[in-house]
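Thanks for coming, everyone. I'd like to walk you through one structure today, so please have a look at it with me.

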Amino acid sequence: MHVSEVTKIRRKVLAEVSRLALEGTLEENIAGILSTVVSEDGPRYRCCVHKERAVLKDRINMALSQPIGTPLAEAAGKALGGERADLPAVNLLPEACDRCPIDKFLVTDACRNCLAHNCIASCPKKAIMVVQNRAYIDKTICIECGMCKRSCSYGAIIEISRPCERACDLKAIVAGSDRRAVIDYEKCVQCGACKVACPFGAISERSEIVQLIQRIKDGQRVYALLAPAFIGQFGPKVKPEQIIGAIGRLGFHSVKEVALGADAVALAEAGEFTRAVPAEQPFLTTSCCPAFVAMVEKHLPDAGDRVSTTVSPMIAAAKAVKEEDPSAAIVFVGPCVAKKAEARRYPDLVDFVLTFEELAAMFVGAGINVAETEAGDHLTAASRDGIGFARAGGVTQAVLDTVAHLAPGAALKPQRADGLADCLAVLTKMQQGALDANFLEGMACQGGCVGGPGTMADQRLTAKLVELYAGQAPVATAPDNTAARPEIDLHRRKK
Amino acid sequence: MSTLLVEICLGTSCHLMGSQDIIDAIESLPPDKRGKIDLRGVTCLKTCRKGPNARINGVVLSEMTPERTLAVIEDNLP
Ligand code: SF4
Ligand code: SF4
Ligand code: FES
């Protein structure tokens with residue numbers, strides 16, 4: 001996983017904000033971040049230091065969960081007071097967007113100036129003419145319909161798009177009138193794929209580390225719910241127990257496994273499958289990925305009642321903690337950006353959502369080196385299958401194993417989809433009855449959560465390490481796990 | 001055969017700044033070069049705020065990139 005220069009800047013901002021908040025000097029020193037992160041003589045990625053700092057101001061507001069354009073001292077004050085603006089999880093940083101000047105359809109050297117001139121004939125706006133023996137698209141007339149590209153027998157006209165637009169499988173990013181990217185939140189499901197794709201770092205998730213640090217300082221009992229993809233995120237040599245030890249050093253009261261919630265989800269979902277399929281509905285889909293669920297709500301609402309009514313493992317795990325300790329503050333820590341949006345539906349259960357990247361920035365801000373931290377408690381109260389939720393195919397395995405246990409005769413015919421384009425295409429086919437399957441696992445991120453936008457390690461490596469860790473779990477499947485809590489209400493809240 | 005000692009910091013600060021990319025770049029060198037490198041991970045080189053850090057032939061180098069690291073290695077190979 002390549003750490004680009006913009007990624008470094010984003011991470012430095014998060015680490016500095018954490019450091020100052022932990023020190024208690026954030027409000028006085030917030031403007032100092034502008035010069036610590038971008039020095040006068042340091043490497044430059046923008047035209048000048050002024051532009052670089054204007055971009056940084058956007059980043060700092062995002063790191064404080066305040067609207068873009070808030071003066072920095074005011075933003076710091078609000079964050080320290082626990083305020084968080086009502087922002088989507090994924091936001092565009094207007095200063096950072098390069099307004100990538102891209103002509104969508106481009107005539108290449110492959111153009112032969114053939115006699116047929118299919119391109120000219122196909123263009124509904126007559127935007128194409130021949131200039132110097134080659135087709136030429138008049139950009140002032142072109143409406144970017146793509147007819148010419150399809151018509152050319154030589155494939156000489158190619159389509160190029162901006163990195164963010166290309167990354168968004170749901171076509172939620174368009175160029176605004178000033179050529180800046182605009183996210184259409186009617187279509188966006190907050191998956192974070194565009195954030196990973198933009199080479200200018202112009203798309204970012206909001207962060208609530210300062211609000212969280214204040215909560216820890218106030219002495220509230222703060223629980224970390226650690227998603228199973230955490231294995232290997234701090235380097236392949238770092239042991240899981242060291243990560244748990246380091247979280248304790250940050251002042252968290254306790255660390256729980258989201259994988260335990262995954263076991264509860266597997267039990268509930270398997271129960272739902274055996275009850276409802278095929279008696280009430282032809283197939284059931286998973287509901288653990290919030291971006292997948294939002295994709296169904298926004299793009300295929302007719303399939304809404306095929307989605308499992310079970311909550312996600314995050315919510316199941318949070319409920320279990322709240323039952324034992326009603327005044328706990330709960331922080332989900334994982335690879336996911338969409339969970340930041342999901343958590344807003346459950347403000348009574350989940351207080352904060354951190355990505356692994358943000359957790360690492362907090363460690364750095366606190367001067368904690370996980371690689372040199374003593375091992376904390378051992379986890380794995382979860383089953384092998386529960387831990388497996390971290391990678392694509394894991395939920396299917398868990399539900400298969402659980403169904404085999406609950407209703408040995410039931411025939412579960414699984415289908416998997418990862419990446420939103422794949423999810424949309426497969427679900428559409430299943431709606432039409434065109435696939436011989438009665439269970440769909442839908443994951444917005446390619447490879448599943450190990451490929452999420454908040455990760456710091458290569459997903460293939462993480463998948464392998466997760467597999468190894470899962471192999472050490474004391475029990476194999478959810479029904480074997482006496483610690484799973486199927487008796488709490490695990491019904492999802494709809495929008 | 002003599003080898004060049006290359007130590008890459010795997011501490012959290014350097015990891016966050018991409019030290020794994022440097023390791024990957026060294027690991028994928030062609031065998032004749034890779035064979036001359038004694039690659040080790042260390043947990044901190046005490047210059048955390050200037051990561052990612054490497055120590056090559058005993059000299060600590062800060063704000064490294066995979067490209068710079070490979071260039072320094074090239075210059076120092078036995
Ligand atoms: S759906 Fe995902 S890729 Fe598309 S705009 Fe939203 S966060 Fe970005
Ligand atoms: S696949 Fe996992 S990380 Fe990606 S959006 Fe879904 S729940 Fe989040
Ligand atoms: S973590 Fe790399 S120098 Fe300290």
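Let's start with strands 14 and 15 of chain A, residues 414-418 and 439-443: they pair in the parallel sense over five bridges. Please keep in mind that this is a predicted model. If you want a spot to look for, A:Ala417 stands opposite A:Gly442 in strand 15. Between those two strands comes helix 19, residues 420-431, and together strand 14, helix 19 and strand 15 of chain A make a right-handed β-α-β unit.

Strand 15 of chain A has another partner too, strand 11, residues 284-285, again in the parallel sense but over two bridges. There, A:Thr285 stands opposite A:Leu440.

So is strand 15 of chain A buried or exposed? Five of its five residues are buried, so the strand is largely enclosed by the rest of the structure. On one side you have A:Phe439, A:Glu441 and A:Met443, and on the other A:Leu440 and A:Gly442.

Now stay with A:Phe439 for a moment. Its ring centre is 6.2 Å from that of A:Phe273 and the planes are at 80°, so this pair is edge-to-face. A:Phe273 belongs to helix 12, residues 258-276, and the two partners are 166 residues apart in the chain. Both of them are buried.

Two charges over rings, while we're on aromatics: the charged end of A:Lys139 sits over A:Tyr136, 5.8 Å from the ring centre, and that of A:Arg306 over A:Phe283, at 5.7 Å.

Last stop, ligand 1. The residues around it include A:Cys168, A:Cys188, A:Cys191 and A:Cys194. Its shell divides into 10 nonpolar, two polar and no charged residues.

Definitions and conventions: Residues are numbered from 1 along each chain as its sequence is written. Chains are lettered from A and ligands numbered from 1 in the order in which they are written. This is a predicted model: local features need pLDDT of at least 70, side-chain atom pairs count only at pLDDT 80 or more; totals for chains, interfaces and linings use all residues. Side-chain values use heavy atoms; hydrogens and water are left out. Rings of Phe, Tyr and Trp (its six-membered ring) pair if their centres lie within 6.5 Å; planes under 30 degrees apart count as stacked, over 60 as edge-to-face and the rest as tilted. Helices (H or I, at least four residues) and strands (E, at least two) are DSSP runs, numbered from the N terminus. Buried means under 20% relative accessible area, exposed over 50%, partly exposed in between (1.4 Å probe, protein chains only). A charge sits over a ring if NZ of Lys or CZ of Arg is within 6 Å of the ring centre and within 35 degrees of the ring normal. A residue is near a molecule or strand if one of its heavy atoms lies within 4 Å of it. Ala, Val, Leu, Ile, Met, Phe, Trp, Tyr, Cys and Pro count as nonpolar, Asp, Glu, Lys and Arg as charged, and the others, Gly among them, as polar. Two strands pair if DSSP finds at least two bridges between them. A crossover is right-handed if, with the strands pointing away from the viewer, the path from the first strand over the helix to the second runs clockwise.
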